[in-house]
Amino acid sequence: MKLIAKVTSILSALGLSLALASSVGAATSDEKIIERIKPAGNVCLEGDDSCGGAAAAVATTAGGARSGEEVYNSACAACHSIGVAGAPKFGTSEWTDRSAKGIDSLLATAISGINAMPPKGTCATCSDDELKIAIEYMIDSAP
């Protein structure tokens with residue numbers, strides 16, 4: 001009888017130690033999972049002081065306006081280089097046709113968006129002046 005009690009006691013101790021070890025392992029495993037699935041970054045909107053938006057806005061305006069070529073290459077070329085969804089292609093007569101509308105009309109369209117092009121295209125951080133010089137750059141590319 002004493003042998004059975006000792007075996008039961010040993011098995012209970014082993015079971016308890018296994019249970020504790022697995023719960024510690026689970027906590028460590030949970031921490032690792034939480035670390036792996038946490039967001040890689042945050043999205044901040046201009047003017048949102050809680051996440052550095054004001055600093056980012058100052059940084060983009062402090063450097064001055066970008067050239068038409070810089071704006072085109074960074075924001076417009078993705079669509080206008082190949083004519084995505086009917087966008088007038090850079091370096092083609094399509095811009096000659098568009099220029100007949102006048103720069104102010106083209107700028108207003110770029111700001112508000114048209115067809116598949118969202119407002120300001122893919123350059124939400126562009127000023128109206130930067131959009132205007134990018135449009136002029138594309139018009140000047142026409143043969």
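1. Keep in mind as you look around that the model is predicted.

2. Start with Glu130 and Arg66, which pair up in a salt bridge whose closest N and O atoms sit 3.1 Å apart. Glu130 belongs to helix H6 (residues 128-140), while Arg66 is in the loop between helix H2 (53-62) and H3, so this pair ties together parts that are 64 residues apart in sequence.

3. Glu130 has 6% relative accessibility, so it counts as buried, because the cut-off for buried is under 20%. Arg66, at 27%, counts as partly exposed.

4. Next, have a look at Lys120 and Asp128. They form a salt bridge too, and here the closest N and O atoms are 4.0 Å apart. Lys120 is partly exposed, with a relative accessible area of 21%, and Asp128 also counts as partly exposed, at 37% relative accessibility.

5. Then there's His80, which you can find in helix H3 (residues 68-80). Is His80 buried or exposed? With 10% relative accessibility, His80 counts as buried.

6. So what surrounds His80? If you skip the neighbours within four places in sequence, His80 is in contact with Tyr72, Ala87, Pro88, Lys89, Phe90, Trp95 and Met138.

Notes
Residues are numbered from 1 along each chain as its sequence is written. This is a predicted model: local features need pLDDT of at least 70, side-chain atom pairs count only at pLDDT 80 or more; totals for chains, interfaces and linings use all residues. Side-chain values use heavy atoms; hydrogens and water are left out. Helices (H or I, at least four residues) and strands (E, at least two) are DSSP runs, numbered from the N terminus. Buried means under 20% relative accessible area, exposed over 50%, partly exposed in between (1.4 Å probe, protein chains only). Contact means heavy atoms within 4.5 Å. A salt bridge is a side-chain nitrogen of Lys or Arg within 4 Å of a carboxyl oxygen of Asp or Glu.
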